[in-house]
Amino acid sequence: MASSCEPSAHGAPAATPYARTLDCVHCGLCLPTCPTHQVLGVEADSPRGRIYLMRALAEGRVQDPEAIRPYLDRCLDCRACETACPSGVRYGEILEATRAQLAQTGSKRGLADRLVPFLLWHVVAHQTRLRAVFALLRAAELLGLRWLATRLGLLPKAMAAIAPPVPPARERRPLPTGLHKPPAGVAPRGVRVALFTGCIMEPMFGRVNRATLDLLLANGFEVDVPRAQRCCGALLVHAGEPERAKELARANVAAFADADVVVNNSAGCGCAMKEYGHLLDDAGGAAFAAKCRDVSELLAAHGLTATPARREQKVAYDDPCHLCHGQGVRQQPRTLLAQVPGLQLVAHEAPEDCCGSAGIYNLLQPETADAIGQRKAERLLRAGVDAVVTGNPGCMMQIRSHLRRAGSAIEVLHPVELLLPPAAASGPRSGATR
């Protein structure tokens, strides 16, 4: 089967993904860091094993490509293996290229395999449609239909277990677009940033978006919220649909063309946007990627000018995979949280291990995701904390779900929620000026 990953007729690699499989020396240092290998104990469900399978596919040694698909589908793409790898293998790029190749064949794809890309493109990637869906879901919950749908099997148990109740309309409202300036009494820094609001963040974690805006304004930043921004495209890339992800990426490059810094509060989105240079393979994508910052990066680099409100709590910070492994951001959130008066940061076991969320992995691979999530919850419970803090919406939902299943009412919060000063309002502090 022809592939962009195939070696040439002369034995030399024809494209980068195949060449990068040759960087793997099969040392096995990735195995202890891989969530699926830890849970399943199967070589083919490890980074080393998957690279061997992807290399075999590229070299034409796989008779039926569908035979290796389950092993690739079970990968969370958490990038922990990249952190552990002494050879610098770009595992994520190899995996995503191979998934795209397999998606093009579509020979034995089931209904779910076809439905997921359809929903990602036609619903999630269109904010107006996504808002309408969440409004319907909210109405269904108020009518008790969520409970009924779960009992009748119409709502998958995995989705029912993971997704918290849909917030009321006031919490799902989008941020006002345009330029927001610091409120009266806050000294401006003379620094303007553009805020990426995301797709799922808005309807499920609108409070986090508002807290992010409030926090930036309270610390003297001017914040632009571009109207034309789109979904980051991360879920489409993971689903083997890079061409559709490129369309979203180009729209974001254009929407943020005037921005010097693009700030986001979702680790998965941030990682995807920092890889636009690779995705688009052009100067525009690379320039956009270079100006992307996680909100913790920005605030740690510039420093807090507004003292956070006092919190007498013990909290554990759990690293989102696409923040620590994908972006290399580890210390910045901890540095900021250490500045919260009264807050006690408590260490817990393996904070950089995946929680099992991985975009929509916990919906597509519920059994494996449950085993990984349960292990994460057990480790957090042993830490004896009042709250868990993490900077990614999927991680927040997955961790909360497994803590609730364990009978715990521990809060799960985003770092920005703990960094707000006492005077910060619950909604945007300033209307848009254009």
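**Sheets, salt bridges and cavities in a predicted model**

Leu195 stands opposite Val263 of strand E4. The model is predicted. Strand E2 (residues 192–195) and strand E4 (residues 262–264) run parallel and are paired over two bridges. Strands of a sheet pair through backbone hydrogen bonds, either parallel or antiparallel.

E2 and E4 belong to an open sheet of five strands, ordered E1-E3-E2-E4-E5. The pairing in this sheet is mixed. Its edges are formed by strand E1 (178–180) and strand E5 (292–294), each of which pairs on one side only. Neighbouring strands of the sheet are turned against each other by 35° on average, direction ignored. Helix H16 (residues 267–274) lies across E4 and E5. The angle between H16 and E5 is about 155°.

A further open sheet contains four strands in the order E7-E6-E8-E9. Here the pairing is parallel. Strand E7 (344–345) and strand E9 (411–413) each have a single partner strand, so one side of each is left without a neighbour in the sheet. Strand E6 (residues 314–317) and strand E8 (residues 387–389) run parallel and are joined by three bridges. Within this pairing, Val315 has Ala387 of E8 as its bridge partner. Helix H24 (residues 393–405) lies across E8 and E9 and runs at about 175° to E9.

Charged side chains were examined next. Side chains of opposite charge can pair when their charged atoms come close. The structure holds 23 salt bridges. One of them joins Arg131 to Glu202, with the closest N and O atoms 2.6 Å apart. Arg131 lies in helix H8 (residues 127–142) and Glu202 in helix H12 (residues 201–204), so this pair ties together parts that are 71 residues apart in sequence. Arg131 is partly exposed, at 33% relative accessible area. Glu202 counts as buried because its relative accessibility is 6%, under the 20% cut-off.

Another salt bridge is formed by the side chains of Arg74 and Asp45, at 3.0 Å from N to O. Arg74 sits in the loop between helix H4 (69–73) and helix H5 (80–84), and Asp45 in the loop between helix H2 (35–40) and helix H3 (47–58), so the pair ties together parts that are 29 residues apart in sequence. Asp45 is buried, with a relative accessible area of 2%.

Glu43 forms a salt bridge with Arg48. The closest N and O atoms of this pair are 2.8 Å apart. Glu43 has a relative accessibility of 35% and therefore counts as partly exposed. Salt bridges also link Asp77, Arg79, Glu96 and Glu275 in a network.

Rolling a probe the size of a water molecule over the atoms shows where empty space is left. Five cavities of 30 Å³ or more were found in the whole structure. The largest cavity holds about 140 Å³ of space. Its lining comprises 17 residues. Of these, Cys24, Cys30, Ile51, Cys85 and Val89 lie nearest the centre of the cavity. Helices H3 and H5 each supply at least two residues of this lining.

Technical notes:
Residues are numbered from 1 along each chain as its sequence is written. This is a predicted model: local features need pLDDT of at least 70, side-chain atom pairs count only at pLDDT 80 or more; totals for chains, interfaces and linings use all residues. Side-chain values use heavy atoms; hydrogens and water are left out. A salt bridge is a side-chain nitrogen of Lys or Arg within 4 Å of a carboxyl oxygen of Asp or Glu. Buried means under 20% relative accessible area, exposed over 50%, partly exposed in between (1.4 Å probe, protein chains only). Two strands pair if DSSP finds at least two bridges between them. Axes are lines fitted to C-alpha atoms, for helices over the stretch in contact, and angles run from 0 to 180 degrees between N-to-C directions. Contact means heavy atoms within 4.5 Å. On a 1 Å grid over the protein atoms alone, a cavity is a set of points where a 1.4 Å probe fits but cannot get out, and a pocket is an open set with protein on both sides within 12 Å along at least five of seven lines; lining residues have an atom within 4 Å of a point. Grid points are joined across faces, edges and corners, and a volume is the space filled by probe spheres set on the points.
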